[in-house]
Amino acid sequence: MNLESLSRLDRRWIFLAVGLLVILPLAFGFHIAPVEPSPRSRGFYDAIEKLPEGSTVLLSGDYDPSTIAENYPMHLAAARHLMRRNMKIIALALYPAGPPLTDQVLHLVGAEFGKKEGVDYVNLGYKTGNELVMSSMGSSIPRTFPVDRRGIPVADIPVMKGIHNYEQFSLLVNVSAGFPGTKEWVQQVVSRYHLPMVAGVTAVSAPEYYPYLQTGQLHGLLGGMAGAAEYEALIERPALAMRGMDAQSLAHVFIALMILLGNLAFLGKKPARKA
Amino acid sequence: MHMSQDIGVWVAALLTLGIFSFLYRDNPVYKFCEHLFVGVSAGYYVVLTYFSSIKPNLLVPLFGHFVEGRNFLLIIPFVLSLFLFSRFFPKGDWLSRWSIATILGVYPALRITGFGQSDLVQQVGGSILPFWVAGDPLTSLNNTLLVLGLLATLVFFFFSKEHEGAVGGIAKVGVYFLMVSFGASYGYTVMARVSLLVGRVMFLLDNWAGLVRF
Amino acid sequence: MTVLAVFAAEAGAFPLEAKDTPNDGGKSVTLTWAPPAEHPAHWTLVRRERGGAFAPVATLDGALARYVDEAAALTNGASYEYQLVADPADPPRDSEVSLPVVPSPDWLDSTKANVLVVTGLFFIVLFFTINQAHRGRRWTFRKIPGLVAIEEAIGRATEMGKGVLYIPGVQDIDDIQTIASMILLAQVSRLTAKYETKLSVPTNSPAVYTVADEVVKSGYQDVGRADAYQGDMVRYLTSEQFAYVAAVNGMMLRERPAANLLLGAFFAESLLLAETGHSIGAIQIAGTANVHQMPFFVVACDYTLIGEEYYAASALLSNDALLLGSLKAADTVKLVLIIVIALGCVLATLGNPSLGNWFSTQ
Amino acid sequence: MKREIPILITLITGLFCLVGFFVPHPFVRLLYDDIQQWVIVIVGATYVLGVANLLRINMHQVSQKSPDWPYKIVLLAGLLGMMAIGFSEGVRYADDGSKFQWMYNRVYSPMSATMFALLAFFIASAAFRAFRIRSFEALLLAIAAFILMIGRVPIGNAIHPIIPAAADWLMEVPQNAAKRGILIGAALGVMATGIRLILGMEKTYGSGEGSS
């Protein structure tokens, strides 16, 4: 096959190759390389690790099923890490389709560690208003969230006792897919109320949060499924993300090759036009 | 290998494959799934919004605990929320502008202070770094590069001067930094999209086909 | 024995500092203390209004060193005294009674002073430049290569006898990027009218359709070619994201436009549209402020208006005093920031980090 | 009057929220807190309005037998069915075993998760067909993309530990510098637009038909 015809290749062949490269390593589970935590994932881990046991933590799961593959593993791992260290978790979700995922995470991990809903953790659910909800919580959390996801008044929930605003939290753990999410929490809460924060985010949005890391507005960052895998390695609890890393690696190499091949085919076709 | 016996898993798997059929081309199965998705998600939003915002933050305090605290003031958002629906009546839609006007006041204000503090003031503060840190040449180099890259980028986005001479040269450096950052974004986007596919394949292989346990 | 116990309490007593909580809305007192090395399991915090009797406020963990009393019972302007009472009481390790404290609300949160100063200065510059622009002042701005390229692309489409496809993004008309796109569309439609080139504008929202149609119609009228305007130049396709992409890609493959203009807010569809446009060999010019999508445009398009360049292009074309004044104000502040950062870095290198600290809010 | 009252409302709510950031005194804060609570509810109502609108448009399309109208029936069935299930279950809609959650887990969630998984395929094809390295700028972009793509996954570390280290440095220094430049510029843009909106200077471009 010469380069000329390569450039006219039906793209559905590429689709097929991508599909196989993802399916095969998952189906047959071979192992390419171990996961090495990056400094940013370590920052996320350390921020939770150095909190005194029994602190109260705000866990905001701002994502929905469209990014479940990236965000759910980090949400799960964060909940495991927090419950292992006996933190009290106040959870919420500012994506409409987020609260059921928070329920799933908290119920699953709560059962693993024998934690009780209402006593050790609560899911406040969803509230309309995006970043306005964050700002309003700074004035009063019970007023912003009068009831939890199950309709129980927060005054009757033991874990909510004494929670008025951000003053009572030691850390904000945010799992974010975009808007509203990490950027808005930094803008409305971290900078304003000086609450320390770590974030686990989709890979698409990760690069734009690096400026917040350097200034200390974020103490740690998990970027995408790879970040989640690194965090799973740190808490020594391999799960979904680590098992996805082989397929992920192969697909990355394939796409890099596609860029190279595409440019070779293009060179073969006609001289480059100046940009 | 144990294919799932759960009808729910089958529904989920068939809908997943229905969406993937778009890869072959746009087709009726995909169209069916897409419309079902839009309908179900809209229905979901209404139920969720009612139970998580409208009922606990408006109806219960307003009609159940009218005299407590400042609850009586909730009559204002109650009326403004009703006004929103005035646009379904040909002559009443000016009323809905009152409701929109409250939203149009609050969000820009939140953004002005939010962006002003965290994306402007704080970022300027974070960029004021020493070019030389005693005994740490690597940090010194990184600080210098970070500051120069930022300044060059700002010069590129400076529109009051033609990009000629020294300014043009600095702006060009700014473009180089921008291109590196776009490359990073490209790499991360590839990672994100592949992960989502990995997630779906895991669902099909595990929950549906029962081939592997993840 | 009694004498001894009193003596022990005196010896063990440690100071308790009570202060009105700074930068707050009042009704709040911040208490700080250094807990004795062998602290009891708990403290009972007691409070009295001056002249009254002590009453318990809260039970605190013995290891704490700080507590903020925000009880609803506090009154601004009243004077209070506090004491920590050891629990269990034996051995007695109570704190001294604090000096009287008067909670009061503040008019300015001093930790936000830097934000106030920077925001305030920016707005002053902004109102000044907008006012100047309203009075007819026009500044010179740099050329934007992507903007020049749009005219060239339309010219080339004309030479080739092919059309121009204009995709105004996928956000609704209330999005600022879509509004900017409408300003650019006005200019593009004037050019296609002048050159008698076919223009297609597929939209994904009825509201964008309405505005875009109006913009194109008046563009054709502006250059006296109302006769060349056709009702099907602007079309509403569908609001569903991927269905819209599939439909627009279909249009590209059928109509084979010589120029693709992708100007507006784009999300995941950016790479699908740019790929198809690239495959039919069209000149592609893209502009968006969505940073995530920039890489796909940069590699597949001939020109890309990057972020602010995109807004600047629309401001320059609009000749609108508000937009031009805002552009000039942002430029002025950027120049100030460049100087401040450079100066701050030099000072920091010389060992004086005060400028950086002033900007820090963490 | 019809024109002035909305402008006045925007001005008052906007200024309260702006000033409330800097002034903690209850004189400002009480109403500042109230306004935020009110708008949370009003935003909720706009969601309901949006769905009512969707319902109206699609019913109209079905009755007009416009192209693709059978699909609009699917859409309407999904919408009304989901609402019927949710409201009939009442506050138990959120419980783990409810029918509403079944619909979420088995219908909504898989389709939502799959929509963007499609992009993995498209991104590979676009990499081959529309990633042209035809300038120095594009070359820089490509090199950064390569280092990130390989360095961010375990295979990079397996090839050589310098690759993930290079990826980290790239993210923290050059990419950080450029992103911060974009961030600062964008902040100025948002702030300028924001104050123009609050003060009623912004032309509401087609806002009448904008959200209808």
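Which residues does Gln36(D) touch, not counting residues up to four places away in sequence? In this predicted model, local features need pLDDT of at least 70, side-chain atom pairs count only at pLDDT 80 or more, and totals for chains, interfaces and linings use all residues. Residues are numbered from 1 along each chain as written, chains are lettered from A in the order written, and side-chain values use heavy atoms, without hydrogens or water.

Gln36(D) touches Leu132(A), Ser135(A), Ser136(A) and Leu110(B); contact means heavy atoms within 4.5 Å. Gln36(D) lies in helix α2 (residues 26-63) of chain D. Helices are DSSP runs (H or I, at least four residues), numbered from the N terminus. Gln36(D) is buried, at a relative accessible area of 0%; buried means under 20% (1.4 Å probe, protein chains only).

The contact between chain C and chain B involves 47 residues of chain C and 39 residues of chain B. About 3,900 Å² is buried between the two chains, 73% of it on carbon and sulfur atoms. Buried area is the accessible area (1.4 Å probe) lost by two parts on being put together, summed over both.

Chain C and chain B share 1 salt bridge, defined as a side-chain nitrogen of Lys or Arg within 4 Å of a carboxyl oxygen of Asp or Glu. Lys143(C) pairs with Glu162(B) in a salt bridge, with the closest N and O atoms 3.8 Å apart. Several helices of chain C each supply at least two residues of the side that touches chain B, among them α2 (113-134), α6 (241-255) and α10 (321-349). The largest share, 15 residues, comes from α10(C).

Definitions and conventions: Buried < 20%, exposed > 50% of the residue type's maximum accessible area, 1.4 Å probe, protein only.
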